[in-house]
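Q: I have a model open and want to go through it piece by piece. Can you take my questions as they come?

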Amino acid sequence: MSETPLPPKHDRVADERTTLVQFLELYRTIARRKAEGLTAEQMNQTVGASPLTIASLTKHLAFVEEVWFTARFAGAAFGEPWNSAP
């Protein structure tokens, strides 16, 4: 199994947009690496008393990104899969 490589270090003197994109790439990669190689059962497994799973965290991250970039920044309506998501 090969691990997704981390993106290059961020540019400390970049403009705001570049910095945002670089940090998004970093955190997307970290989330992807945590879930890489897991089965569906493992993705939906809880640990301890928390109801949080890797699958629910992944869904949350995708939804929050969609809210900010589609709805807030672009002013567009949500599409699928969010319109029919529980």
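This is a predicted model: local features need pLDDT of at least 70, side-chain atom pairs count only at pLDDT 80 or more; totals for chains, interfaces and linings use all residues.

Q: Which residues are they?
A: The lining of the largest pocket consists of Leu 24, Tyr 27, Arg 28, Ile 30, Ala 31, Ala 35, Thr 58, Leu 61, Ala 62 and Glu 65.

Q: What about the second largest pocket? What is its volume, and what lines it?
A: Its volume is about 190 Å³. Pro 7, Pro 8, Lys 9, His 10, Arg 12, Gln 22, Phe 23, Glu 25 and Leu 26 line the second largest pocket. By class, that lining has four nonpolar, two polar and three charged residues.

Q: Switching to helix 3. What span should it have, and what does the model give?
A: With 20 residues at 1.5 Å a residue, helix 3 should span 28 Å, and its end C-alpha atoms are 27 Å apart, so the two agree.

Q: Where does helix 3 bend?
A: At Val 67, by about 25 degrees.

Q: Is Val 67 buried or exposed?
A: Val 67 has a relative accessibility of 16%, so it counts as buried; the cut-off for buried is under 20%.

Q: How far is Val 67 from Phe 78?
A: The C-alpha atoms of Val 67 and Phe 78 are 8.0 Å apart in space, and the two residues are 11 apart in sequence.

Q: Now the aromatics. How many aromatic pairs are there?
A: The count is three aromatic pairs. One of them is Trp 68 with Phe 73, a tilted pair with 5.8 Å centre to centre and 50 degrees between the planes. In another, Phe 69 and Phe 73 have ring centres 5.4 Å apart and planes at 70 degrees, so that pair is edge-to-face.

Q: Why edge-to-face for Phe 69 and Phe 73?
A: Because the planes are at 70 degrees, and over 60 counts as edge-to-face.

Q: How far apart are Phe 69 and Phe 73 along helix 3?
A: They are four residues apart, so about one helical turn separates them. As a rule, an α-helix has 3.6 residues a turn, so residues three or four places apart point the same way.

Q: Which residues do the ring pairs link into a cluster?
A: Trp 68, Phe 69 and Phe 73.

Q: Are those three buried or exposed?
A: Phe 73 is exposed at 54% relative accessible area. Trp 68 is partly exposed at 41%, and Phe 69 is partly exposed at 33%.

Q: What comes just after helix 3?
A: Gly 75 does, with a positive phi of about 70 degrees. The segment after helix 3 also holds Pro 81, and the peptide bond from Glu 80 to Pro 81 is cis, with omega near 10 degrees.

Q: Last one: where is Leu 52?
A: Leu 52 is in the loop between helix 2 (40-43) and helix 3. Leu 52 is partly exposed, with a relative accessible area of 47%.

Terms used:
Residues are numbered from 1 along each chain as its sequence is written. Side-chain values use heavy atoms; hydrogens and water are left out. On a 1 Å grid over the protein atoms alone, a cavity is a set of points where a 1.4 Å probe fits but cannot get out, and a pocket is an open set with protein on both sides within 12 Å along at least five of seven lines; lining residues have an atom within 4 Å of a point. Grid points are joined across faces, edges and corners, and a volume is the space filled by probe spheres set on the points. Ala, Val, Leu, Ile, Met, Phe, Trp, Tyr, Cys and Pro count as nonpolar, Asp, Glu, Lys and Arg as charged, and the others, Gly among them, as polar. Helices (H or I, at least four residues) and strands (E, at least two) are DSSP runs, numbered from the N terminus. The expected span of a helix is 1.5 Å times one less than its number of residues. The bend at a residue is the angle between axes fitted to the seven residues ending there and the seven starting there. Rings of Phe, Tyr and Trp (its six-membered ring) pair if their centres lie within 6.5 Å; planes under 30 degrees apart count as stacked, over 60 as edge-to-face and the rest as tilted. Buried means under 20% relative accessible area, exposed over 50%, partly exposed in between (1.4 Å probe, protein chains only).
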